[in-house]
Amino acid sequence: MLIIDRFEGDWAVIEFGDKTFDIPRSLLPKEAREGDVIQISISIGNHATKDREEAVRKLTDELFEE
């Protein structure tokens, strides 16, 4: 269970079991309040990952071009 413990400036302190971590407040819904339970879904952006790999490959090719 992820619980918004408090807000510190632009950050939200999230409780997760006996751990806490910070996430940007801008990632939360505007109506989020201290004590709210939040749900987070994480997935891999396969298309964006492939685009990034291609961009890095191009930069590497340009750097080592002879």
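What follows is a set of questions and answers on how some terms are applied to this structure.

Reader: What kind of model is this, and which residues count for local features?
Author: This is a predicted model, in which local features need pLDDT of at least 70, side-chain atom pairs count only at pLDDT 80 or more, and totals for chains, interfaces and linings use all residues. Residues are numbered from 1 along each chain as its sequence is written, and side-chain values use heavy atoms, with hydrogens and water left out.

Reader: Why is Ile40 called partly exposed?
Author: Buried means under 20% relative accessible area, exposed over 50%, and partly exposed in between (1.4 Å probe, protein chains only). Ile40 has 47% relative accessibility, so it counts as partly exposed. Ile40 lies in the loop between strand 4 (37-38) and helix 1 (46-63); helices (H or I, at least four residues) and strands (E, at least two) are DSSP runs, numbered from the N terminus.

Reader: What makes the largest nonpolar core?
Author: A nonpolar core is a set of buried Ala, Val, Leu, Ile, Met, Phe, Trp, Tyr and Cys residues joined through side-chain atoms within 4.5 Å. Here the largest one has nine residues: Leu2, Ile4, Phe7, Ala12, Ile14, Ile23, Leu28, Ala32 and Ile38. Strand 1 (2-8) and strand 2 (11-16) each supply at least two residues of this core, and strand 1 gives the most, with three residues.

Reader: Which residues is Ala32 in contact with, leaving aside its neighbours within four places in sequence?
Author: Contact means heavy atoms within 4.5 Å. With those neighbours left aside, Ala32 is in contact with Ile4 and Phe7.

Reader: How do you know that strand 1 pairs with strand 2 and with strand 4?
Author: Two strands pair if DSSP finds at least two bridges between them. Six bridges join strand 1 to strand 2 and two bridges join strand 1 to strand 4, so both pairs qualify. Both pairs run antiparallel.

Reader: Why are strand 3 and strand 4 said to stand at the edges?
Author: The four strands form an open antiparallel sheet in the order 3-2-1-4. Strand 3 (19-24) and strand 4 each have a single partner strand, so one side of each is left without a neighbour in the sheet.
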